[in-house]
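Student: I'd like to zoom in on one spot in this chain. Could you then show me how the rest of the fold sits around it?

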Amino acid sequence: MEFDKVIRDRMATRKFSDKKIDEDTINKILEAGRIAPTAKNIQPIKIYAVSSDEGLFKIDKASRCRYNAPVVFIVCGNIEEAFKRGEHSTYIIDSSIVATHMMLEATNLSVDNIWVDLFDEGILRSEFNIPKSYIPVSLLMLGYKTDDCPYNIMHDKRKELSDIVEYV
Ligand SMILES: Cc1cc2nc3c(=O)[nH]c(=O)nc-3n(C[C@H](O)[C@H](O)[C@H](O)COP(=O)(O)O)c2cc1C
């Protein structure tokens, strides 16, 4: 897919069908995360790729935003390992770039997706035994939207360039 089409076609999906994603496609999406840039190239990342019934059941305990997605990536950043400038750690930035790479590759491969921030970190942590130094930063829900999936009207509501850019 043309890059411009990928960034314009990507849209938050809130109704996934039961159709599974094949393993090769899942791995291509993960690979896009693997090659993402991170501060000082530290790569302080761990991704839990969840697709088993048991794993999805655990996701549902932690978030009401799975929307029936058959695959969920829990993208975590290692707060201790990540580059630090004083008190500031880049783990959120690093893991968000990784998640963005994967979201765009998913769209490129015609896999629908949504980034989810609404989750209970404590439940996620205990259900998946996430080590203390790894902070879950985002959930990526992945799958194929249903035919009657509602169009996300927010998708077309963007500020104008003049609202967000100051040419200096
Ligand atoms: C950081 C971030 C957190 C989000 N968290 C949630 C969420 O918890 N639940 C949800 O339904 N959508 C969530 N979304 C989806 C946004 O609401 C959606 O991306 C936004 O409305 C723009 O629509 P679009 O993605 O279709 O362009 C999140 C998106 C981002 C980037």
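Student: How many C-beta neighbours does Tyr 67 have inside 10 Å, and is it buried, exposed or partly exposed?

Tutor: Tyr 67 has 19 C-beta neighbours inside 10 Å, so it counts as partly exposed. The cut-offs are these: 20 or more other C-beta atoms within 10 Å of a residue's own make it buried, 12 or fewer make it exposed, and anything in between is partly exposed, with C-beta atoms placed from the backbone. Before going on, bear in mind that this is a predicted model, where local features need pLDDT of at least 70, side-chain atom pairs count only at pLDDT 80 or more, and totals for chains, interfaces and linings use all residues. Numbering starts from 1 along each chain as its sequence is written.

Tyr 67 is in the loop between H3 and S2 (helices are DSSP runs of H or I with at least four residues, strands are E runs of at least two, numbered from the N terminus). The backbone is worth a look here: Tyr 67 isn't a glycine, yet its phi is positive, about 55°. Most residues other than glycine have a negative phi. Asn 68 lies in the loop between H3 and S2 too, and its phi is also positive, near 75°. With 16 C-beta neighbours inside 10 Å, Asn 68 is partly exposed as well.

Take Met 102: beyond its neighbours within four places in sequence, it is in contact (C-beta atoms, placed from the backbone, within 7 Å) with Ile 29, Leu 30, Ala 32, Gly 33, Phe 73 and Leu 140.

S6 also runs antiparallel to S5, with five bridges joining them; for strands to pair, DSSP must find at least two bridges. S5 is mostly covered, with four of its five residues buried.

Ile 114 turns up again around the ligand, whose shell also has Met 11, Ala 12, Arg 14, Cys 65, Trp 115, Val 116, Asp 117, Leu 118, Asn 152, Met 154 and His 155 (a residue is near if its C-beta atom, placed from the backbone, lies within 6 Å). That shell divides into eight nonpolar, two polar and two charged residues. Here Ala, Val, Leu, Ile, Met, Phe, Trp, Tyr, Cys and Pro count as nonpolar, Asp, Glu, Lys and Arg as charged, and the others, Gly among them, as polar. His 155 and Asp 9 are 146 residues apart along the chain, with their C-alpha atoms separated by 9.6 Å. Asp 9 is in helix H1 (residues 3-9).

Stepping back, the chain has six helices and six strands, in the order α-α-β-α-β-β-β-α-β-α-β-α. Among contacts between residues at least 6 apart in sequence, 79% join residues at least 24 apart. Buried residues make up 30% of the 168 in the chain.

Definitions and conventions:
Two residues are in contact if their C-beta atoms, placed from the backbone, lie within 7 Å.
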